[in-house]
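These are my notebook entries on a single chain. I set out to look up backbone angles, the pocket and the surface.

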Amino acid sequence: MANSYTDVPEIKFHMEHPLMKRIVELKERNYADYGQYDYAPKDYED
């Protein structure tokens, strides 16, 4: 199993939900930490 987020159907269902992109955006504070930390995501796909 290479990636549990895409390989497990139950998790994949939740990750592909239309509201998940907005939830992650809010949780990541609109990706404000991207330039500050090398491990911070730059967008939802990251």
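Entry 1, terms. For the helices named below I take DSSP runs of H or I with at least four residues, numbered from the N terminus. I note at the outset that the model is predicted.

I looked up the largest pocket and found about 250 Å³ of space in it. I then asked which helices each supply at least two residues of its lining. They are α1 (4-7) and α2 (9-15). The lining residues I listed are Asn 3, Tyr 5, Thr 6, Lys 12, Met 15, Glu 16, Val 24, Tyr 44, Glu 45 and Asp 46. Sorted by class, I recorded 4 nonpolar, 4 charged and 2 polar residues in this lining.

I next turned to the surface, where Tyr 5, Ile 11 and Met 15 form a nonpolar patch. Together these three residues have about 270 Å² of accessible area. I placed Ile 11 in helix α2, and Met 15 likewise lies in helix α2. For Ile 11 I read a relative accessible area of 34%, so I class Ile 11 as partly exposed. Met 15 has a relative accessible area of 32% and is therefore also partly exposed.

I looked up the pair Ile 11 and Asp 38, which stand 27 residues apart along the chain. I found a separation of 26 Å between their C-alpha atoms.

I searched the backbone for positive phi in residues other than glycine and noted Arg 29 and Tyr 31. Arg 29 has a phi of about 55 degrees, and the phi of Tyr 31 is near 60 degrees. I located Arg 29 in the segment after α3 (20-27), and Tyr 31 is also found in the segment after α3.

I asked of Arg 29: buried or exposed? Its relative accessible area is 52%, so I record Arg 29 as exposed. The cut-off I apply for exposed is over 50%, and for buried it is under 20%. Tyr 31 has a relative accessible area of 13%, and I therefore record Tyr 31 as buried.

Technical notes: Residues are numbered from 1 along each chain as its sequence is written. This is a predicted model: local features need pLDDT of at least 70, side-chain atom pairs count only at pLDDT 80 or more; totals for chains, interfaces and linings use all residues. Side-chain values use heavy atoms; hydrogens and water are left out. Buried means under 20% relative accessible area, exposed over 50%, partly exposed in between (1.4 Å probe, protein chains only). On a 1 Å grid over the protein atoms alone, a cavity is a set of points where a 1.4 Å probe fits but cannot get out, and a pocket is an open set with protein on both sides within 12 Å along at least five of seven lines; lining residues have an atom within 4 Å of a point. Grid points are joined across faces, edges and corners, and a volume is the space filled by probe spheres set on the points. Ala, Val, Leu, Ile, Met, Phe, Trp, Tyr, Cys and Pro count as nonpolar, Asp, Glu, Lys and Arg as charged, and the others, Gly among them, as polar. Patches are made of residues with over 30% relative accessible area and no salt bridge: like charges are joined within 9 Å, nonpolar side chains (Val, Leu, Ile, Met, Phe, Trp, Tyr) within 5 Å. Accessible areas come from the Shrake-Rupley method with a 1.4 Å probe; for residues, only the protein chains shown count as cover. A salt bridge is a side-chain nitrogen of Lys or Arg within 4 Å of a carboxyl oxygen of Asp or Glu.
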